[in-house]
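Here is a brief report on a predicted model. Overall make-up comes before local detail.

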Amino acid sequence: MESNQWSSPTEFWDLPPFFTIQPTDATREKQLSLWLQVVCHYCRAQRQYFIDISERMADSAPFHNAKAKRKLTLDGLRKICSYMVQHGHGVWMDEGQNRMAVFWRKPQEWAAAIYRWASDSGHLNSVETLFSLREGDDTRDQDFHGLPHEILLIALQALEGQGKAQIFRGSSSDHDGVKFFSQAA
Amino acid sequence: MGSWFSRCPPAKEKKPDRITDSDRAVLDLKAQRDQLQIHKRKLQSTISSDLSAAKRFIETKKKSLALLALKKKKHHETLIDQCDQHLLKIAELISNVEYAQVQETLVKALEVGNAAMKKMQQEISLDYVERLVEESEEARAYQQEVNAMLFKDGITDQDTDVLADLRRIEEEEAQAVIENVPSPPTAELPPAAQEAVAAGADDKAERARVEKERAREPQLVPA
């Protein structure tokens, strides 16, 4: 990937030991929290929403640093992802834990941004398709434009939990829709 | 699709359904709009590939194939036009339905307002208001009668006896006030106070001291 356009938020990324998961608990904790920052920073910059536990992933930035001549092992990649899931910055998409959705913004933050948009653009008490939230012209200049369906759904479920929205299906189609409410039920 | 579904159970089970049939209808319409938009995107990408195919055929001197590709492109362009027409129609329909929804809530609000008004009007019946007005009219008439009677007994503003009496009492009062005014002091001021006055000292300590002195010699200060 275009790693040359991206610069790491921490200088540790240029140090070879950073690419080996550290054995000491305290050091590893610090290392993993730095990796969390690096991954979130990279994914935000590249608008990347998923990480696969695969060689192809481990071979590309930010898990591969050509300058330091280091790359992460699959096990290291998995450890970082588990750490991110533990800290609410990701969620496994499959039982086998081979694909993780990255929350470089947490679902609650996405939810708040979507609700703010709905409120500002007069979409409260009205219905919108999930597709038009993701790809519609109305949301083109919004940060959540282009959000994958799965992550959008998680964010909207957070809104649903707050009683600010309800996800539902149409009567004749199986398209997901959402209705925003001006006040919680 | 696995772990996150089990982690976040659908909230529908505990919360009441707040989706109406018209919401579902709007969603269906909007889903159709999305489908048309997807279709339009597909056509647009076909057009660009038609165009590049035509260019390739021209380069390789395959004129009939190039013409065919251009025909395809034209066909796809008319399809896009149709798509746009449909999109416009569906957008109109959506906004009409949404406007009707707003009107529905407006009518409901009017209904509630009307009912409240009726209830209040029932509480205040016309008879009751009429009675109230009558009663206050009666009270006013009674008051007038009382006034008339009093005037008949001769207590009016023009009664000279009464006015003379009033003037006499006022003069007595004024005299009493004049007698009560204290006479100006005749004695000399105590020397300390004189100094203070001469120096024009206005600082509090000085004044306090003077006052203390005065308190010690009350006989010098006339009442």
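## Chain A and a patch on chain B

Along the sequence, chain A runs α-β-α-β-β-α-β-β-α-β-α-α-β-β. That gives 6 helices and 8 strands in chain A. Of the 185 residues in chain A, 51% are buried. The accessible surface of chain A is about 8,600 Å². Carbon and sulfur atoms hold 47% of that surface. Now take the contacts in chain A between residues at least 6 apart in sequence: 53% of them join residues at least 24 apart.

Strand β5 of chain A (residues 99–102) pairs with strand β1 of chain A (residues 50–52). Strand β5 of chain A also pairs with strand β4 of chain A (residues 90–92).

β4(A) and β5(A) form a hairpin with 6 residues between the strands. There, A:Q97 takes a positive phi near 55°.

Chain B carries a nonpolar surface patch of about 440 Å². Which residues make this nonpolar surface patch? They are B:I124, B:Y128, B:V129, B:L132 and B:V133. B:Y128 sits in helix α4 of chain B, which covers residues 126–152. The relative accessible area of B:Y128 is 39%, so B:Y128 counts as partly exposed. Patch residues need over 30% relative accessible area, and B:Y128 has 39%.

Notes. Residues are numbered from 1 along each chain as its sequence is written. Chains are lettered from A and ligands numbered from 1 in the order in which they are written. This is a predicted model: local features need pLDDT of at least 70, side-chain atom pairs count only at pLDDT 80 or more; totals for chains, interfaces and linings use all residues. Side-chain values use heavy atoms; hydrogens and water are left out. Patches are made of residues with over 30% relative accessible area and no salt bridge: like charges are joined within 9 Å, nonpolar side chains (Val, Leu, Ile, Met, Phe, Trp, Tyr) within 5 Å. Accessible areas come from the Shrake-Rupley method with a 1.4 Å probe; for residues, only the protein chains shown count as cover. A salt bridge is a side-chain nitrogen of Lys or Arg within 4 Å of a carboxyl oxygen of Asp or Glu. Helices (H or I, at least four residues) and strands (E, at least two) are DSSP runs, numbered from the N terminus. Buried means under 20% relative accessible area, exposed over 50%, partly exposed in between (1.4 Å probe, protein chains only). Contact means heavy atoms within 4.5 Å. Two strands pair if DSSP finds at least two bridges between them.
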